[in-house]
Amino acid sequence: LQMPAGPRSQLEVITGENDPDKSQRRGGIVCLTVDAPSAHAAGEPQPPRWRTYEYFLYYFVFIIAFSWMVYIPIEVSSKTLPNYDLYRHRLAKGWLPGSEVDNSDAQYRSFRTNLPALAALMAAFFALKYAYTRPILRDSSPTNNLHRIPFYLIFSLLMLTVLHGASIIKVLVILSANYGLAKATGGTRLAVPVTWLFNGGVLVANEWYGGYAFASLHSGFTFLDSWRGVYPRWHVSFNITMLRLVSFSIDYHWACNHIGIADPGGALTDKKRAAVYHPRATYTFGNYLAYALYAPLYIAGPILTFNDFMWQLSRPIEIAQRATARYAVRFLIGLLTMETLIHVMYVVAIKDAHAWSGMTPAQLSMVGFWNLIFVWLKLLLPWRFFRLWALVDGLDPPENMVRCMANNYSALGFWRAWHRSYNLWIVRYLYIPLGGTKRLAATSIVVFTFVALWHDLSTRLLAWGWLAALFILPEVAARKAFPPSLFGDKWWYRHACAAGGVGNVLLMMGANLVGFVLGVDGAQYFAHELIGSWAGIRFLFGACACLFVGVQLMFEYREEELRRGIQRRC
């Protein structure tokens with residue numbers, strides 16, 4: 001019952017209709033999870049277990065375990081321990097006198113340092129937008145927001161000039177070439193392979209040549225290399241832009257062949273905005289540039305499809321100001337949580353310095369766990385900042401992080417909730433066209449290989465991608481062998497699912513430790529220390545018992561969502 005096999009594709013993310021009663025979301029414990037479009041709830045939820053003796057026992061174990069999980073990384077970050085000298089050079093001065101902060105992660109340090117500048121850029125965007133649109137709105141009452149496209153274009157080009165300097169020329173050349181290919185091949189059998197070959201080749205070439213140098217073309221262009229902008233590594237953020245180029249090209253190709261849904265008229269749901277194609281006249285160069293370079297989402301996403309972007313401009317959706325304000329509060333709470341974490345737990349510096357000599361299995365595991373929490377937060381914060389910017393502008397891109405990293409027991413559900421807009425993109429343009437569930441194993445390997453190489457051309461992430469593909473197979477097999485339709489009414493079924501959830505959690509943590517924290521060698525050392533001694537094995541059994549309790553709480557949390565008409569499928 002807790003791990004149902006959905007009728008749609010196994011990797012499909014939540015893309016259902018808007019909730020008929022938004023008020024159902026706002027009460028009780030389920031309001032801790034961010035609002036996201038909900039699929040229709042299937043079946044009747046179970047009676048609440050929150051006040052049963054079984055769950056009172058779970059609360060007791062959870063409080064003890066969580067307190068211990070917080071204490072251990074704070075303890076190993078103590079200045080009095082000998083390992084402190086191995087990583088102290090990676091720490092910076094903290095907010096409070098005499099305090100230190102683990103600001104050693106380059107990706108988060110960049111966002112943290114530039115957050116005031118990004119806030120100023122956001123303020124400039126809305127000030128200039130107001131100056132541009134005020135005369136238009138004063139002289140007429142447009143029924144859509146297509147009049148904003150010239151402003152989006154001008155502001156984005158100015159922003160890219162400041163960010164990338166002369167490299168804006170490279171960006172525009174690539175975008176123009178992709179547009180030309182899309183227009184030349186749209187509606188033909190060449191469209192899809194040409195789109196993938198061109199954009200895949202650009203990503204590889206960007207990485208291979210380090211963003212290119214003008215001097216390599218001609219010595220007379222050397223002076224352009226000195227105009228670098230404030231963010232010269234344009235090719236790093238171009239990975240996100242590439243997704244938009246593919247979206248435009250394939251959406252145009254499908255529109256030429258009338259693949260998808262014809263415009264039914266009226267308001268469109270979030271799912272239909274992507275599926276309903278536009279008239280071919282909509283796929284112009286100006287609209288394409290405005291979409292590909294849309295300032296709020298340019299740097300890091302979330303990712304909107306071209307169809308969705310244009311529908312939200314031509315048929316504006318209503319975004320409640322209170323909902324946007326609540327989302328801003330969520331962002332600030334996340335930022336405060338991250339600042340607290342890096343001021344009291346130096347797990348990133350410990351990991352980077354390999355300063356774990358002499359640690360117990362429990363200490364080593366908590367360094368790994370909190371590094372994963374750090375990865376979740378460092379991605380969540382910029383994604384929510386840029387989504388907030390778009391929401392204030394009146395566009396609603398998908399929420400990238402639906403659940404906390406630690407609130408996942410299903411490998412399939414985890415990938416529906418993690419980087420959700422990318423998952424939606426993968427499902428639409430790669431997973432379903434390759435066959436979806438009809439070729440689940442082969443398609444999953446191709447998908448995760450692409451995802452790994454899209455992130456970085458490295459063996460570490462390639463290993464992560466293959467592990468991630470491999471680790472979803474046990475869950476798929478278990479769902480087919482023990483479907484809830486046959487066993488859901490058995491007393492032992494929920495507990496068996498919880499045991500399976502524990503296995504999923506261990507596999508997912510292992511794959512992500514390889515890909516984003518420790519690498520292959522570090523993960524091998526971690527596994528050896530964990531299962532290479534009786535102390536490690538005893539800890540592993542105790543950790544599995546705590547995870548079992550955690551998964552049971554996750555089950556009941558999702559049951560509570562069902563009671564309120566929410567089915568997130570993750």
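**A guided tour of the predicted model**

Begin by selecting Phe238, Trp425 and Phe450, the residues with the most contacts inside the largest nonpolar core, which has 132 residues. A nonpolar core is a set of buried Ala, Val, Leu, Ile, Met, Phe, Trp, Tyr and Cys residues joined through side-chain atoms within 4.5 Å; buried means under 20% relative accessible area, exposed over 50%, and partly exposed in between (1.4 Å probe, protein chains only). Helix H15 (residues 361–393) gives the most to this core, with 20 residues. Helices are DSSP runs (H or I, at least four residues) numbered from the N terminus.

This is a predicted model, in which local features need pLDDT of at least 70 and side-chain atom pairs count only at pLDDT 80 or more, while totals for chains, interfaces and linings use all residues. Residues are numbered from 1 along each chain as its sequence is written, and side-chain values use heavy atoms, with hydrogens and water left out.

Next, display the surroundings of phenylalanine 450. Not counting residues up to four places away in sequence, phenylalanine 450 touches Trp196, Met242, Tyr422, Trp425, Ile426 and Leu430, contact being heavy atoms within 4.5 Å. A second, separate core of 8 residues can then be located through Tyr409, Ala498, Val551 and Met554, which are among its members.

Move to helix H19 (residues 459–471). The 13 residues of H19 reach 18 Å from the first C-alpha to the last, close to the 18 Å expected at 1.5 Å a residue; the expected span is 1.5 Å times one less than the number of residues. The buried residues of H19 include Trp464 and Phe471, and their cover includes helices H16 (411–417), H18 (440–455), H20 (473–481) and H22 (493–516).

Now turn to the salt bridges, of which the structure holds 21. A salt bridge is a side-chain nitrogen of Lys or Arg within 4 Å of a carboxyl oxygen of Asp or Glu. Select arginine 49 and glutamate 556, whose closest N and O atoms are 3.4 Å apart. Arginine 49 lies in the segment before H1 and glutamate 556 in helix H24, 507 residues apart. Both residues are buried.

Which helices hold glutamate 339 and arginine 112? Glutamate 339 is in helix H13 (residues 321–344) and arginine 112 in helix H3 (residues 106–139); their side chains meet in a salt bridge (2.7 Å, N to O). Glutamate 339 counts as buried because its relative accessible area is 12%, whereas arginine 112, at 21%, is partly exposed.

Conventions. Helix = DSSP H or I, 4+ residues; strand = E, 2+ residues; numbered from the N terminus.
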